[in-house]
Amino acid sequence: MIRNYQALLLSIGMFIVLFFVALKVGTISMSISELFNLLFFQKGTKEASLILFAFRLPRVLSACLVGICLSVSGDILQKITRNTIADSGILGVSSGVAFGAVFYFFLLGNYQTSLSAFQSISLMSFGLIGAFSALSLNLILSISHRKLSMFRFILNGIGIGSGFSALVTFFSLKINADDYSRVNTWLQGSISQVNWEKVVDMGAWVLPSLTLLFIFYPKLSLLRFSDTHLETIGFSTTFWRVFFIVLAAIFICASVLTAGTIGFVGLLVPALTRLMFFKKQQKGYLYGLCFNGMTLLLFCDLCSKMLFTPNELPLNAMMGLLGIPYLFYLFLGQRKEQQK
């Protein structure tokens with residue numbers, strides 16, 4: 001318990017440091033005193049106030065929300081499938097959401113970043129339909145003799161993701177040539193254009209879903225046990241699987257619609273948090289998962305905007321630099337186990 005307490009403090013500490021560094025650093029850097037005066041006392045120049053409150057703060061908050069969404073959705077998918085390499089990108093769910101969103105813009109006639117309340121709900125609905133389509137198709141193709149084949153589930157997910165990506169490209173080109181580059185920039189992973197409207201829209205979906213996840217998280221932890229064992233104690237595995245799949249779809253959808261398809265976060269953060277916490281099912285793990293997700297996204301966003309200033313590296317490419325070595329590590333670990 002002491003170890004978990006220390007791990008949680010470490011997660012919170014890293015997040016606070018990265019949060020203020022992300023607000024401080026940029027094309028125009030701010031001193032620490034200037035940043036604190038603006039944040040807590042509203043004292044500073046008009047230029048610095050505009051940079052902080054109109055650009056950096058919404059960007060940092062959206063990075064935090066995206067980090068939470070991808071981390072908790074990765075954890076949910078891994079517990080439901082009982083596979084530690086399940087991730088929204090690998091299972092094709094992110095591509096399904098992207099297809100649903102691009103298809104909505106295709107029906108709308110153009111790509112828009114500013115939407116009315118009705119259009120935001122409609123876009124979310126199309127994204128959710130895309131997410132459920134990808135997951136349903138994957139489950140149908142992966143079930144054999146009433147059992148879910150994990151190997152086929154992962155393999156089919158990669159294939160379904162590629163298929164939806166091809167459809168995204170097709171419908172992006174069908175909207176119009178100008179919108180294609182804007183859609184492509186969004187889907188490569190970017191939060192540079194995020195404003196307060198986007199943050200509020202995303203928060204309206206994420207915060208209630210996150211509250212439900214915190215309330216019912218012990219049910220999710222139980223899903224790591226066998227269905228036969230759970231059903232003997234009256235636990236409805238079907239109901240809770242559907243419940244958590246819906247929550248995961250909302251998290252993934254909210255993330256993709258704001259920041260595009262960013263891979264590996266749902267893979268790396270749960271693995272890192274499991275290493276930090278003594279027992280993953282104990283209280284504190286979910287808090288650690290959220291803080292670590294926010295920290296990782298803040299770090300990646302900071303690197304993406306500072307490494308090649310004034311140009312920005314797509315977030316998906318930045319995450320790939322971290323995620324691909326981890327995949328190699330997993331592959332080598334499994335190979336060693338097979339050789340024993």
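Q: How many aromatic pairs does a search of the whole structure find?
A: Rings of Phe, Tyr and Trp (its six-membered ring) pair if their centres lie within 6.5 Å; planes under 30 degrees apart are stacked, over 60 edge-to-face, the rest tilted. Here the search turns up 26 aromatic pairs. Take Phe 103 and Phe 171: they sit edge-to-face, 5.2 Å centre to centre, with 90 degrees between the planes. Bear in mind that this is a predicted model, where local features need pLDDT of at least 70, side-chain atom pairs count only at pLDDT 80 or more, and totals for chains, interfaces and linings use all residues. Residues are numbered from 1 along each chain as its sequence is written, and side-chain values use heavy atoms, leaving out hydrogens and water.

Q: Which parts does the pair of Phe 103 and Phe 171 tie together?
A: Helices are DSSP runs (H or I, at least four residues), numbered from the N terminus. Phe 103 belongs to helix α4 (residues 93-108) and Phe 171 to helix α6 (residues 150-175), so the pair links parts 68 residues apart in sequence.

Q: Are Phe 105 and Tyr 111 buried or exposed?
A: Buried means under 20% relative accessible area, exposed over 50%, partly exposed in between (1.4 Å probe, protein chains only). Both Phe 105 and Tyr 111 are buried.

Q: What lines the largest cavity?
A: A cavity is a set of points on a 1 Å grid over the protein atoms alone where a 1.4 Å probe fits but cannot get out; lining residues have an atom within 4 Å of a point. Among the lining residues are Phe 105, Tyr 111, Trp 186 and Lys 198.

Methods
Helices (H or I, at least four residues) and strands (E, at least two) are DSSP runs, numbered from the N terminus. On a 1 Å grid over the protein atoms alone, a cavity is a set of points where a 1.4 Å probe fits but cannot get out, and a pocket is an open set with protein on both sides within 12 Å along at least five of seven lines; lining residues have an atom within 4 Å of a point.
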